[in-house]
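Thanks for coming. I have one model to go through this morning, and I will keep it short.

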Amino acid sequence: MDCLFCKIVKGEIPSNKVLENDKVLVFHDIQPAAPVHVLIIPKKHIASMNVAADEDFALIGEMHRAAQQAAAELGISDSGFRLINNCGRDGEQTVFHLHYHLLGGARLGALTGLSSSHG
């Protein structure tokens, strides 16, 4: 499998980790879209939310717990943050390994709108 995030989980590609446990990894995004921008990934490869199976939903809950912990550790719990999952082409998913973007550290702009890539 040639999955970027699986390689990060295996340590084949370095990452700036925020937290890690046996199920989930949280690390800084290399192209941040906000002052705080981390990615929350399961260590198990799941291509997208569309293919998550019944047995994966406990793991997805662990990802949400990790988001809460990371927000606290990064000092953005009280001011607020955004948790985003891009799914599929129109959702702008570019890495096909389930993940959340946790963004904060500043007042974030509107969430709606069309991407310039969707002519």
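Before going on, the basis. This is a predicted model, in which local features need pLDDT of at least 70 and side-chain atom pairs count only at pLDDT 80 or more, while totals for chains, interfaces and linings use all residues. Residues are numbered from 1 along each chain as its sequence is written, and side-chain values use heavy atoms, with hydrogens and water left out.

Back to Val-26, which sits in strand β2. Four of the five residues of β2 are buried, so the strand is largely enclosed by the rest of the structure. From Val-26 to Ser-15 the C-alpha distance is 9.2 Å, with the two 11 residues apart in sequence.

Now the sheet. Five strands make an open sheet, ordered β1-β2-β3-β5-β4, with antiparallel pairing. The edges are β1, residues 17-20, and β4, residues 81-84, each of which pairs on one side only. Neighbouring strands are turned by 15 degrees against each other on average, direction ignored. Two strands count as paired if DSSP finds at least two bridges between them.

Taking the pairs that involve β2: β1 and β2, the latter at residues 24-28, are antiparallel over three bridges. They form a hairpin with three residues between them. Within this pair, Leu-19 has Val-26 of β2 as its bridge partner. Towards β3 there are five bridges, and β2 and β3 also run antiparallel. There, Phe-27 has Leu-39 in β3 as its bridge partner.

Leu-39 also turns up in the largest pocket. Which residues lie nearest the centre of that pocket? They are Asp-29, His-37, Leu-39, Asn-86 and His-101, out of 32 lining residues. The volume is about 790 Å³. The pocket comes from a 1 Å grid over the protein atoms alone: a 1.4 Å probe fits at its points, the set is open, protein lies on both sides within 12 Å along at least five of seven lines, and lining residues have an atom within 4 Å of a point. The volume is the space filled by probe spheres set on the points.

As for what supplies the lining, α1 (4-10), β2, β3 (36-42), β4 and β5 (100-104) each give at least two residues. The most comes from α1, with three. By type, the lining has 16 nonpolar, 13 polar and three charged residues. Asp, Glu, Lys and Arg count as charged; Ala, Val, Leu, Ile, Met, Phe, Trp, Tyr, Cys and Pro count as nonpolar; the others, Gly among them, are polar.

Next, the cysteines. How many disulfides are there? The count is zero, where a disulfide is a pair of cysteine sulfur atoms within 2.5 Å. For Cys-3, the nearest cysteine sulfur is that of Cys-6, 3.7 Å away. Cys-3 is buried at 8% relative accessibility. For Cys-87 the closest cysteine sulfur is in Cys-3, 15 Å away and too far for a bond. Cys-87 is partly exposed, at 25%.

Two last residues. Glu-92 is in the loop between β4 and β5, and has a positive phi of about 65 degrees although it is not a glycine. Most residues other than glycine have a negative phi. Glu-92 is partly exposed, at 33%. Arg-65 lies in helix α2, residues 57-73, and is partly exposed at 46%.

Definitions and conventions: Axes fitted to C-alpha atoms, helices over the stretch in contact; angles between N-to-C directions. Buried < 20%, exposed > 50% of the residue type's maximum accessible area, 1.4 Å probe, protein only.
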